Amino acid sequence: MLLMDRDDSGFSPLRLQLARDCPVNPSGAFVVYWMTAARRVHWNFALQRAADWAAELKRPLVVVEVLACGGRWDCDRFHRFTLEGMTDNARQLAGHAALYYPFMESQPGESGELFAALSKQACAIVMDDFPIALPAIAAIEPHCNPHCNVRLEKVDGNGLLPMRAADRAFPTAAGFRRFLQKTLREHIFDTPAANPLARKKLPRLESLPGEISRRWPAIDADDLKNGKVDLSALPIDRSIGAVEEKGGSVAAEKAWKRFLQTKLARYGEDRNQPETAGASGLSAYLHFGHISVHEILHDLIVHESWTPAALAEKATGCREGWWGMRAAAESFLDEIVTWREVGFNGCTFREDFDRYESLPDWAQTTLSKHAGDKRPSLYTLDRFAAAATHDPLWNAAQRQLLREGRIHNYLRMLWGKKILEWSPSPQIALDNLIELNNRYAIDGQDPNSYSGIFWILGRYDRPWGPERPIFGLIRYMSSENTARKLRVKEYLQVYGSEKGMLRF
Ligand SMILES: Cc1cc2nc3c(=O)[nH]c(=O)nc-3n(C[C@H](O)[C@H](O)[C@H](O)COP(=O)(O)OP(=O)(O)OC[C@H]3O[C@@H](n4cnc5c(N)ncnc54)[C@H](O)[C@@H]3O)c2cc1C
């Protein structure tokens, strides 16, 4: 009899879903971890689950990390960032019992074929549960049909709160925060092992069966190590180049530790100031799964000498005071837990999370009332993309996005509000926002892409008076006010010119 039943995962059963409810195949050749969202070796629930299966079944563990190429926004920028993460994973798994198999599609759909071939020989496959069909996840969907006879488990390692601990989409961050304060206590210490493969004695597999590795070869180990993987023949957008920031768990760890040691103490004051660069810069690493929010919380707990005794008894829904940490840490936690996870909540419980119709009624009503208002300026998607509006601050934000794949926190809100103001209709504004954000932002195509973009149009917000042209009761922002509030002089010096711009 198998010891590990469905609930015996060492973590909350709410994190585990059976995508194919087949029995484990005890005579299979190996257990597979199909890595697509939690692209890391440490603090990884899904890897932990797969390693536990391998140990129990006394079978080798194969970690297949997938880089697909069939997505609408696939480009050099995201491929390079992913590959840098794969380099770290290859290095970190080299000394372990698991076989690491980094696979990059050269044509859309290949990873689905590899998945189907592996599923015939595997005891079980464990994969990441992510609420958005990223290309690497979408690629296997056609193969998860009723003819697929492998046990396929999905593990949710996205947030501190398991996505299925809630039963509905929360319309406001305040409501979600109150819910978190009522439920999070029991999940705070439900963390994945820091090193799920430590002390695991597994039979070692040197390579995948020849017919599989010949047909779907792994990325060449030297090319991966030297950052020389050739993307030239791939059907991806080659015009959007890599960002200077390096991807991968090593860079993620460095960014996080630097923030914790040098910036966290002033996060509340500095987060919104472009000239202090006071935010963590972690969103891309979180999006690619190069760092886990569980590791972040663990380090914060140590840093703050915190114990659960400090938690407030009552769920007030207030931003500060529930954790019982210092104000800066609480403010950071409100972003990385409340705001980050409300986005995962929305994408989990609303199939229409990326559609205009998912906006709250009040927002649709007020936007439609003002749909016919004259726009002071109108730009096409190409003009937006080329940072060619009349507004120097907006153009600077767009240039930062083009060059670095990011926009400073506060300016990102202004950037979005102006796209609403300068597009022919709110529906077209939404299309423009999704296209620009997900095409260029290194943290794009994330649940938080949709929460941020839809926030521009009123989601998670409330009506704000006075009623204005175009915006109606949607919260308004102006470049003049923003420039008065923020210290933008240096920002404009850095991003105010065409230097280093992509050409259109
Ligand atoms: C129009 C628009 C588009 C956005 N698109 C994205 C996107 O594609 N991907 C993305 O991750 N975030 C997006 N955001 C949210 C926010 O801008 C980024 O999360 C933040 O700028 C990331 O920088 P940081 O890691 O330095 O943040 P920090 O201030 O250091 O915050 C730490 C973490 O908390 C989370 N967080 C912080 N602010 C928010 C927020 N407002 N909403 C949700 N989570 C938050 C992020 O995971 C972030 O990494 C968008 C916001 C707007 C207004």
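This is a predicted model: local features need pLDDT of at least 70, side-chain atom pairs count only at pLDDT 80 or more; totals for chains, interfaces and linings use all residues.
Local features were taken only at pLDDT of at least 70 and side-chain atom pairs at pLDDT 80 or more, while totals for chains, interfaces and linings use all residues. Residues are numbered from 1 along each chain as its sequence is written, and side-chain values rest on heavy atoms, with hydrogens and water left out.

Helix H3 (residues 110–119) is largely enclosed by the rest of the structure, because 9 of its 10 residues are buried (under 20% relative accessible area, with exposed over 50% and partly exposed in between; 1.4 Å probe, protein chains only). Helices here are DSSP runs of H or I with at least four residues, strands are E runs of at least two, and both are numbered from the N terminus. Among the buried residues of H3 are Leu114, Phe115 and Leu118. Their cover includes strands S2 (30–35), S4 (99–104) and S5 (122–128), along with helix H6 (210–215).

Elsewhere, helix H2 (residues 76–93) meets helix H8 (residues 249–262), with Asp88, Asn89 and Gln92 of H2 and Ser249, Val250 and Ala251 of H8 making the contact (heavy atoms within 4.5 Å).

As for the cysteines, the disulfide count is 0, a disulfide being a pair of cysteine sulfur atoms within 2.5 Å. For Cys22, the closest cysteine sulfur belongs to Cys148 and lies 6.2 Å away, too far for a bond. Cys22 is buried at 10% relative accessibility. Cys144 is in no disulfide either, with the sulfur of Cys148 the nearest at 5.7 Å; Cys144 is partly exposed, at a relative accessible area of 25%.

Note on methods:
Axes are lines fitted to C-alpha atoms, for helices over the stretch in contact, and angles run from 0 to 180 degrees between N-to-C directions.
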